[in-house]
Amino acid sequence: MADRANFIVVRESGEYELYLSRWGAVGLDLDLLAGPAETLSVIQRLEAVDRWLDDVYCQGAALIDLGRKVLLLFAWEGPSTVMRYRAATLELLREAWPGWDLRWAYDGPAELRTYLGLDPEYVRDRGRGTSLGPLLEPEDEELADPEPMAAVVTVGSDRCYVVANIADHPIREGAALLDRLSGGPEHGTCRVSADAGIHIDASRRRVGWWVLGASAEAYEMPKRWPGWTVEFWQDSWQEHVRLAPGRFQPPPVDRERALTEVRTAARRHRATSRSQLTQT
């Protein structure tokens, strides 16, 4: 399976160049830790294209604005999308790109096009419907993984569920999510290092959600919850912990250990002969 990524270089003139890597999404964040000069050198050896990957097929992207010194990126996989490595990876990226404004594109390729003043609908797939990940049992083997692909769903102060985060974010289901959860396997307290989550306060008709990767139409979720107040917390899983005390308790993050492990991962990644970014 290909790991497709787009790379966009915006020149000081405002004109941009679009590149494609068919194997550049996984490890994209580690590649960017090489800093601006090396990253640009590698990108310019990729295939120049005129057609953008869409919401479905674009699994990672980076936009480098040389004039404004903005680095706008997102990924579906990699340390930047893992709870215990997220903050460390972003911290190291800021160190590697001193003086640059680092931003995360939660809306995927559409957000990059919006940044450029282009129509985001070009990369939308409005007709694809919503793909639902299954509810996981507390003993599911996926949850034994240190970084499971899991979205934590808490309802009020007394219910907790876990959805396999292998499809669309549960927020896309709208209030129908409550019907799907009814009678589903409850977890009591979720202690996994999730990569997405949602908290539902049915009595106040409020919902908040977060994600460490990207979710198509991220800023349009209020339309899917008519009559509800929807808050997008971006990557702030801490807000979920605060609003669901005793229900969502992920492992603590060791900052120094995370920094060390991300640095090590970056060195190993660059040392491999099959760098994901360099393969077109």
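Select helix H3, residues 83-96: its 14 residues reach 21 Å from first C-alpha to last, close to the 20 Å expected at 1.5 Å a residue. That expected span is 1.5 Å times one less than the number of residues. The model is predicted, with local features needing pLDDT of at least 70 and side-chain atom pairs pLDDT 80 or more, while totals for chains, interfaces and linings use all residues. Numbering runs from 1 along each chain as its sequence is written, and side-chain values use heavy atoms, without hydrogens and water. Helices (H or I, at least four residues) and strands (E, at least two) are DSSP runs, numbered from the N terminus.

Stay on H3 and show its buried side chains. Among them are Met83, Tyr85, Arg86 and Leu93. Buried means under 20% relative accessible area, exposed over 50%, partly exposed in between (1.4 Å probe, protein chains only). The buried residues of H3 pack against several elements, including strand E10 (206-211) and helix H7 (255-271). Contact here means heavy atoms within 4.5 Å.

Next, select the open sheet of 5 strands, in the order E8-E7-E9-E10-E11, with mixed pairing. Strands E8 (159-164) and E11 (229-232) stand at the edges with a single partner strand each, so one side of each lacks a neighbour in the sheet. Strands pair if DSSP finds at least two bridges between them. Zoom in on E7 (150-155) and E9 (196-201), which pair in the parallel sense over 5 bridges. Val152 stands opposite Gly197 in E9.

Last, the cysteines. How many disulfides does a search of the whole structure find? It finds 0, counting cysteine sulfur atoms within 2.5 Å. Select Cys190: its closest cysteine sulfur, in Cys160, is 4.9 Å away, too far for a bond. Cys190 is buried at 2% relative accessible area. Cys58 is buried too, at 1%.
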